[in-house]
Amino acid sequence: MAPVLMASTPASMCTPLKTLNDSLSHRGRYMKHNFPINYAIRVHHEEIFKLSNISKMKLKVEGLDELVLQRLWFQVNQGVLKKIIRVLPERHPSRPYTAELERRFRDAEGVFVQSHPAEVFQQELPETIQDIWDQLTEEPDRVPESSWRFASPKSLVDNLCHTMCCLFWECFSSTESSQDYCEVSHSKKGRKTQSPELETAPTEPAEW
């Protein structure tokens, strides 16, 4: 079942999100070609945040507010981008690109916060979302080994892009791809046609 589209994106969000999307259009070069084959980094299980996760949460939490999922999207991908930057040496060819991506992401997050009343961010989250939030903010040394996963930088940034176009669809509704992202089938047939780059990388990270 596809996520239900709800109009909840302030117009002021569209400019920084489209700017971020412009940077994301170059992710193939910087997040794939400049890395060793099968390179992967360690992330929280919850940081592998796909369209299927959105669908499952909407099914699990009745009447789930799109704004809650947008907040979670920022929380998840904030950590993802920091982890990618952390593994890149200063002179790595993808470091300036990733740093710029992270800066544009923070700009979008700043506009997101300013676009809503402060009390919105003080509201209690649904239990399912709060559990994910708590796990994301847990101290790394307290996270069980079973909660870590390995994923390629390209797959993580792909997920960031696809879920952005779904959760903030109003900003991308003029593009055909935005609707496609929200309407991805998660059936067995859909999984077979999914790009391998969207799957979790199974290997340990290579050494630079």
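1. Exposed here means a relative accessible area over 50%. Ala 11 reaches 68%, so Ala 11 counts as exposed. Ala 11 lies in the segment before helix H1, which spans 14–24. Please keep in mind that this is a predicted model.

2. Look next at what Ala 11 sits across from. Ala 11 and Cys 171 are separated by 160 residues in sequence. In space, their C-alpha atoms are 7.7 Å apart.

3. Asn 38 deserves a look at the backbone. Its phi is positive, about 65°, although Asn 38 is not a glycine. Where does Asn 38 lie? Asn 38 is placed in the loop between helix H2 (27–33) and strand E1 (41–44). Is Asn 38 buried or exposed? With a relative accessible area of 53%, Asn 38 is exposed, because the cut-off for that class is over 50%.

4. Now the aromatics. The structure holds ten aromatic pairs. One of them joins Phe 74 and Phe 168, in an edge-to-face arrangement. The ring centres are 5.9 Å apart, with 70° between the planes. Phe 74 belongs to helix H4 (residues 66–87), and Phe 168 to the loop between helix H7 (153–167) and helix H8 (176–182). The pair therefore ties together parts that are 94 residues apart in sequence.

5. Both partners of that pair are out of the solvent by the accessibility criterion. Phe 74 has 2% relative accessibility and counts as buried. Phe 168 is buried as well, at 0%. The class requires a value under 20%.

6. A further pair is made by Phe 112 and Phe 121. Their ring centres are 5.8 Å apart and their planes meet at 75°, so this pair is edge-to-face. The cut-off for that label is an angle over 60 degrees. How exposed are the two residues? Phe 112 counts as buried, at 2% relative accessibility. Phe 121 counts as partly exposed, at 26%.

7. The charged end of Arg 42 sits over the ring of Trp 148. The distance to the ring centre is 4.1 Å.

Note on methods: Residues are numbered from 1 along each chain as its sequence is written. This is a predicted model: local features need pLDDT of at least 70, side-chain atom pairs count only at pLDDT 80 or more; totals for chains, interfaces and linings use all residues. Side-chain values use heavy atoms; hydrogens and water are left out. Helices (H or I, at least four residues) and strands (E, at least two) are DSSP runs, numbered from the N terminus. Buried means under 20% relative accessible area, exposed over 50%, partly exposed in between (1.4 Å probe, protein chains only). Rings of Phe, Tyr and Trp (its six-membered ring) pair if their centres lie within 6.5 Å; planes under 30 degrees apart count as stacked, over 60 as edge-to-face and the rest as tilted. A charge sits over a ring if NZ of Lys or CZ of Arg is within 6 Å of the ring centre and within 35 degrees of the ring normal.
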